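Welcome, and thanks for taking a look at this one with us. Please open the sequence and the structure side by side, and we will walk through a few spots together.

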Amino acid sequence: MAGEFNRRRFFSTTATTGAAIGLGDLGFLSALNPVSAAEAKVAPGAIELNSEIAPVVRLIEETPRDRLLEVVAERLRQGLSYRELLAGLLLAGVKNVEPRPSVGHKFHTVLVVNSAHLASISSPPEHRWLPIFWALDYFKSAAARDVAERGDWSMSRVDESALPTPLQSPQAFATAMDNWDEAAADTAIVGMARHAGAMGVYEQLFHYGMRDFRSIGHKAIYVANSWRTLQCIGWQHAEPVLRSLAYALLMHEGGNPSQRDAEADRPYRQNLEIVDSIRRDWRAGRVDGVATRDLVATLRTASSQEASQHVVDLLNSGVGPQSVWDGLLVSAGELLMQQPAIVPLHAVTTTNALHFAYQTSGNDQTRRLVLLQNAAFLAKFREATHGRGQLKDVWIDDLQTATAPAPQNVAEIFSDLSSKPEDAAASMVGYLNETEDPRALMDAARVLIFLKGNNAHDYKFSSAVLEDYYHVSPEFRNLYLASNVFMLRGSQGPDNELVQRTREALGA
């Protein structure tokens, strides 16, 4: 009860503490019905959506950007539901924005939908529309970029005459993906969408999402985020999403990757050779903080092959997968602390996506491969930073030794973040160590994204970090969160236009 009281008080005192960190008064959002926890929650046996979702997609597609928020606000007043709007937003993206030439850039309008959803359901009910309104506006800008760059690409009809039988579809899909055959993969994934169970489909997709290090992790991110969004909006919307996803996973440069030894594909091929050397009872290992620190140290210099082999050695020595994940997550945070920029940011969000695949998959080999691939990818991310500036000579343990006295409230942390991020990180460790309750800090971080964020990475990154805080063992989780504060938003930064535009859309 005390934690809930503190949470409510944090948001009810926006004129005092809230004002100090730039929250402002968000009471105007009460002009919409709050998104209830029941409506936003992913429920077993997804609620059937309106079969006529096409009008919602057309509404999003055809309404001019400068009118979209107002029009959607009016439709929400008339009864349009959160799930219907989320489904329309995702489907508008996969239908109109091509995941080429890179599964990133403008395609973030699709990748960010789940992140906006996570930000929404993790926020107080009265704030939950802000991330969704932001994502609507972002879709319009991404769609305009797609027209400029790709000539107004849109998803074409599937070739119904080429569909494999329901029994043939899973093997046809695997063969097509192994051969990097786009046309065959497109028809096979439609067959699976119509006739195979969701988990069976995604067992294959988890496999191909981690297969290659192209688009700095966005393939794995798309696999995880599409699954999670479909769990909310309903499997009846899966077919166009899965077609877009298969097309994205087959993005490559140059000739057919199955016929050459590209660097992006090499870790996977190497890991297939060693994955079965992991002991059979690998999931029963011990939690070992020393082993975690050893893995972090190895990842500072190791090649992708050395990184994967180190994970094999740890598991075979009796170290459990939790300590391996601690090392992978903490290493991603340390890299971001050393270079707060776009490549390390994707080390964090890719590790989040691969951890989700690990948690969700029921295939033992897939789960072992995820661990090995994540280690290899982190080595690749570190190598990719070298052309983008010097890495700072700082380490995760420096946050512990540099811990400042715990601040009086989270406002001090986010005020420092705008101009003195190192001080903010040290203060955050002190605050978390003393309070042992991250909720007020997380609430402030999310609302500052709403107010100050201006790109898809703000949502993708913050949602990943705040979620993974709870996936790290207690010994390391406060250090993990503090290492990632460098890419969150401080309270002294400029406001974006979203809140004011939403206020105007609601007539508040």
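Is Ala-264 buried or exposed? Keep in mind that this is a predicted model. Ala-264 has a relative accessible area of 16%, and it counts as buried because that value is under the 20% cut-off.

**Around Ala-264**
- You will find Ala-264 in the loop between α13 (238–249) and α14.
- Setting aside neighbours within four places in sequence, Ala-264 is in contact with Arg-211, Asp-212, Phe-213 and Arg-214.
- His-252 lies 12 residues from Ala-264 along the chain, and their C-alpha atoms are separated by 9.4 Å.

**Helices α14 and α19**
- The axes of α14 (residues 266–274) and α19 (residues 364–384) come within 10 Å and cross at roughly 140 degrees.
- This crossing of α14 and α19 is right-handed.
- From α14, Pro-267, Tyr-268, Asn-271, Leu-272 and Ile-274 meet Leu-369, Leu-372, Gln-373, Ala-376 and Lys-380 of α19.
- By type, the residues of this contact divide into seven nonpolar, two polar and one charged.

**Confidence in the model**
- The protein chain has an average pLDDT of 89, and 88% of the residues score at least 70.
- Over residues 1–20, pLDDT stays under 50, and the model has 27 contacts beyond four places in sequence for this stretch.
- Where pLDDT is low, the predicted coordinates should not be read in detail.

Conventions:
Residues are numbered from 1 along each chain as its sequence is written. This is a predicted model: local features need pLDDT of at least 70, side-chain atom pairs count only at pLDDT 80 or more; totals for chains, interfaces and linings use all residues. Side-chain values use heavy atoms; hydrogens and water are left out. Axes are lines fitted to C-alpha atoms, for helices over the stretch in contact, and angles run from 0 to 180 degrees between N-to-C directions. Helices (H or I, at least four residues) and strands (E, at least two) are DSSP runs, numbered from the N terminus. A crossing is left-handed if the near helix is turned anticlockwise from the far one by less than a right angle, and right-handed if clockwise. Contact means heavy atoms within 4.5 Å. Ala, Val, Leu, Ile, Met, Phe, Trp, Tyr, Cys and Pro count as nonpolar, Asp, Glu, Lys and Arg as charged, and the others, Gly among them, as polar. pLDDT is the predictor's confidence in each residue, from 0 to 100. Buried means under 20% relative accessible area, exposed over 50%, partly exposed in between (1.4 Å probe, protein chains only).
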